[in-house]
Amino acid sequence: MREKILNILNNATGYVSGEEMSRDLGISRAAVWKHIKKLKSEGYKIESVTNKGYRLAEAPKEISPSTVDSLLNTGFIARSIQYTDSTASTNEDAKRLASSVDGTLFIADRQTAGKGRLGRGWESPRGSGIWMSLLLKPEISPNEISGITLIAGIAVCRAIGGSAKIKWPNDIVMGGRKVSGILTEMSAEVERVSYVVCGIGINVNTAAFPPELSEKATSLYVETGRSFDRNKLIAAVMNEFEPLYKGFIKNGFEPFRAEYRDLCASIKREVRIISRGSEMIGTAIDIDKNGGLVVMTAAGTVTVTSGEVSVRGIYGYI
Ligand code: BTN
């Protein structure tokens, strides 16, 4: 039905009324409206005018691996790109194809089973976002891997620019809501990492979110009122990531600590830390040299390391 509606809108010279569409497609006007709403959430700009109907003003620009490639200034990051129109999860693709070359970037236009942190899902509709996973083969120990997530957060923030901040450890937030999330997974033996998959999701041109997400989620489009070229943004994240990653592998997190702290929206906020059923409340005061969140609680100062920890603001999402 989605394709049929797009076909009608694409072939129309002006507005098409909801009534006409419902008649031609054999569905109710309410059903037409529901499909239109879904298309809008995928990044299609569809004007609706009372007594006239619907008009497709702008279709989302496609992701093109060759365009991304032409915009890269990296040595090895994303020099190999595996693009697919639709997949369950790009993190799963990267893990399945972990024998691929170091720095391979897996991108999909849509994920049907996108994964978030702490076993949650990640909404990944077609056409409107960036769903991508980097395959990395760093020579560092397993306990240093969380730093990759932190520097990926810096890379995303730098690429987005503007008011983008980081809610510790790795949610990118704008206007108090989440615009991007990072999920890092690894395969390792006791002392040796065999590979790392750093999955990055960015809500780019999403016009609207389902009700259950709208309080916490946002997109670049919602925050700025304009559409972004996903190819440019993918390349910008990769171009920012490579020098950060090389620096991190060589010198650890410390050189990036000050920048991370400046970008971190959690600092000076009251936070609730939820870990394996227990809860702790305090004020986030600093980022330590390994990227841990230093929190002042009634029982003293504690440093929270990322992992199976959820941090919630007391007065809102951040
Ligand atoms: C989170 O904040 O919970 C992390 C979200 C990570 C989403 C990205 S989208 C690309 C990659 N593939 C996945 O299945 N998840 C990550």
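Two strands are said to pair if DSSP finds at least two bridges between them. Helices (H or I, at least four residues) and strands (E, at least two) are themselves DSSP runs, numbered from the N terminus. The model is a predicted one, in which local features need pLDDT of at least 70, side-chain atom pairs count only at pLDDT 80 or more, and totals for chains, interfaces and linings use all residues. Residues are numbered from 1 along each chain as its sequence is written, and side-chain values use heavy atoms, with hydrogens and water left out.

Strand 4 spans residues 105-111, and six of its seven residues are buried (buried means under 20% relative accessible area, exposed over 50%, and partly exposed in between, with a 1.4 Å probe and protein chains only). Strand 4 pairs with strand 5 (residues 129-136) through four bridges, and the two run antiparallel. Within this pairing, Ala 108 is found opposite Trp 131 of strand 5. Strand 4 also pairs with strand 3 (residues 81-87), this time in parallel and by six bridges. Here Ile 81 faces Leu 105 of strand 4. In a regular strand the side chains alternate between the two faces of the sheet.

The next stop is the ligand. It is surrounded by 20 residues, and the closest are Ser 89, Gln 111, Lys 115, Arg 117 and Lys 178 (a residue is near a molecule if one of its heavy atoms lies within 4 Å of it). Several polar contacts can be followed by eye; such a contact is a pair of N or O atoms within 3.5 Å, and within protein one must be able to donate a hydrogen and the other to accept it, while residues adjacent in sequence count only if both atoms are side-chain atoms. A polar side-chain atom of Gln 111 is placed 2.9 Å from a ligand nitrogen atom. For Arg 117, a backbone N or O atom lies 2.6 Å from an oxygen atom of the ligand. The side chain of Lys 178 has an N or O atom 2.5 Å from a ligand oxygen atom. Taken alone, the ligand exposes 420 Å², and the protein buries 98% of that (accessible areas come from the Shrake-Rupley method with a 1.4 Å probe, and for residues only the protein chains shown count as cover).

Gln 111 belongs to strand 4 and counts as buried because its relative accessibility is 11%. Its side chain reaches the backbone nitrogen of Thr 90 at 2.8 Å, and a polar contact of 2.9 Å links it to the side chain of Ser 124. Apart from neighbours within four places in sequence, Gln 111 is in contact (heavy atoms within 4.5 Å) with residues including Thr 87, Trp 122 and Trp 131. Ser 89 sits in the loop between strand 3 and helix 5 and is buried, with a relative accessible area of 2%.

The loops hold some backbone details. Most residues other than glycine have a negative phi, and most peptide bonds are trans. Asn 51, although not a glycine, has a positive phi of about 70°; Asn 51 lies in the loop between strand 1 (45-49) and strand 2 (53-58) and is exposed, with a relative accessible area of 83%. Ala 78, also not a glycine, has a positive phi of about 65°. Ala 78 is placed in the loop between helix 4 (65-70) and strand 3, and is buried at a relative accessible area of 0%. A cis peptide bond, with omega about 0°, joins Trp 168 and Pro 169. Pro 169 is in the loop between strand 6 (165-167) and strand 7 (171-174).

Ile 148, in helix 6 (residues 146-160), is buried at 0% relative accessibility and touches residues including Leu 136, Val 196 and Phe 248. Glu 259, in helix 10 (residues 254-263), is partly exposed, with a relative accessible area of 28%. The C-alpha atoms of Glu 259 and Ile 154 are 7.9 Å apart, although 105 residues separate them along the chain.
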